[in-house]
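Dear colleague,

My notes on it follow.

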Amino acid sequence: MSGDLHFGGSRMRLRGLIRKEFLQIMRDPSSIAIAFLMPIFLLLLFGYGVSLDSEHIPVALVVEQPSTDTTDFAAAFGQSRYFQPVMYASSSEAEHAMMAGKVNAILVLRQDFAQHLNRNNDDAPIQLIVNGVDANSARIISGYVQGVWGTWLEHAALERGQALSMPVNMITRVWFNSELRSRNFLVPGLVAIIMTLIGALLTAMVMSREWERGTMEALLVTPLSMSEVILGKLIPYFILGMGGLLLAVCMALFLFDVPLRGSLWVLIAASALFLITALGMGLLISTIARSQFVAGLVALIATFLPAFLLSGFLFDIGSMPSVVQAITHIVAARYYVAILQTVFLAGNVWSIILPNVLGLIVLASFFLGITWRKSRKRLD
């Protein structure tokens, strides 16, 4: 009988604390802004303003001796959606334009272009000069030019009734993101950044706010146990974070047309697990830092920056140095980004999902366990 009364009293205390937290959230516009306005802003910014696709690249086109073949090739080059050709009379003018940043590459059709083309299709003299300051863009431009050049050679050979002699006939197929839209890659990863900010940043300032306002002392003299205090802080922000997740997923599916090839329930379950991990990180920070400013700053440095740089959201982890790759294993967003990209673009690939879920479980247990050990009902 006493056990039932104890359980009932604990449940009532927890319900009251959760209600108190919800009322505090409703009275604090910053919490609502972080949970709902920030996802909208970040998704619109990255979805529309940031793109890894290279289209309409300004390229200087220099034709030293016009002919039917050079005109045909220039027309084909201009029809490509990847390039925006600008005609220049000489190579020196084109080089000055590249130095001024007006064009990113120079394509020169030499005087003997037509002669070499008629004699040997594979030896037509064209010269490509690429601005290599941005190495990634330089590689993309080179690949695009080679693609346009190869396609035009095939058409030119067919018009002459000849077979184009190619040493290797490569047929390319792109899986999972056949349209090669960077938005399909960026938006799922951005969901992890949003969930990190919602979970870690909000809870990082919860306990510190209690210390600053002096309400923590009032909580410590109540019959509430520290386990009840931690749960009372986590549950409202977990619900708030899941609301932000649903908003982000709806924008990804219906506004940005990102495919969801896996199960929605797998996505929700993995997101809930990651949110618990992020809440644990934020709560651990807030139990150590008793200033809202310090707690918020530490949360940004310790959670947001690693999630942005070391999770695979923008930069491939496999291309990082081995030491940095090892560090990424303690970044929770690394596991969540892998799950998001798999569920959105590939489907329920359990060989990827399950190991990353296990990694999130380990990190969630670690952060919540440390938080519980650090939290004691004392004022020092």
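Helix α7 is mostly covered, with 21 of its 23 residues buried. Please bear in mind throughout that this is a predicted model. The helix comprises residues 182–204 and reaches 32 Å from its first C-alpha to its last, close to the 33 Å expected at 1.5 Å a residue.

Beyond its neighbours within four places in sequence, Leu 43 is in contact with Tyr 48, Val 187, Leu 190, Ile 194, Ala 248, Met 251 and Phe 256. In soluble globular proteins, nonpolar side chains tend to be buried together.

The surface also carries a nonpolar patch, formed by Phe 293, Val 294, Leu 297, Val 298, Leu 300, Ile 301, Leu 305, Leu 309 and Phe 315; together they have about 800 Å² of accessible area. One of these residues, Leu 300, lies in helix α12 (residues 292–309). Leu 300 counts as partly exposed because its relative accessibility is 35%, which falls between the cut-offs of 20% and 50%.

Finally, I draw your attention to Asp 257, located in the loop between α10 (226–255) and α11 (264–288). Its phi is near 55°, a positive value in a residue other than glycine. Most residues other than glycine have a negative phi. Asp 257 has a relative accessible area of 53% and is therefore exposed, the cut-off being over 50%.

With kind regards

Technical notes. Residues numbered from 1 in each chain as written. Predicted model: local features only at pLDDT ≥ 70, side-chain atom pairs only at ≥ 80, totals over all residues. Heavy atoms only, no water. Contact = heavy atoms within 4.5 Å. Patch = residues over 30% accessible without salt bridge, like charges linked within 9 Å, V, L, I, M, F, W, Y side chains within 5 Å. Areas by Shrake-Rupley, 256 points an atom, 1.4 Å probe, with all protein chains shown as cover. Salt bridge = Lys/Arg side-chain N within 4 Å of Asp/Glu carboxyl O. Helix = DSSP H or I, 4+ residues; strand = E, 2+ residues; numbered from the N terminus. Buried < 20%, exposed > 50% of the residue type's maximum accessible area, 1.4 Å probe, protein only. Expected span 1.5 Å × (residues − 1).
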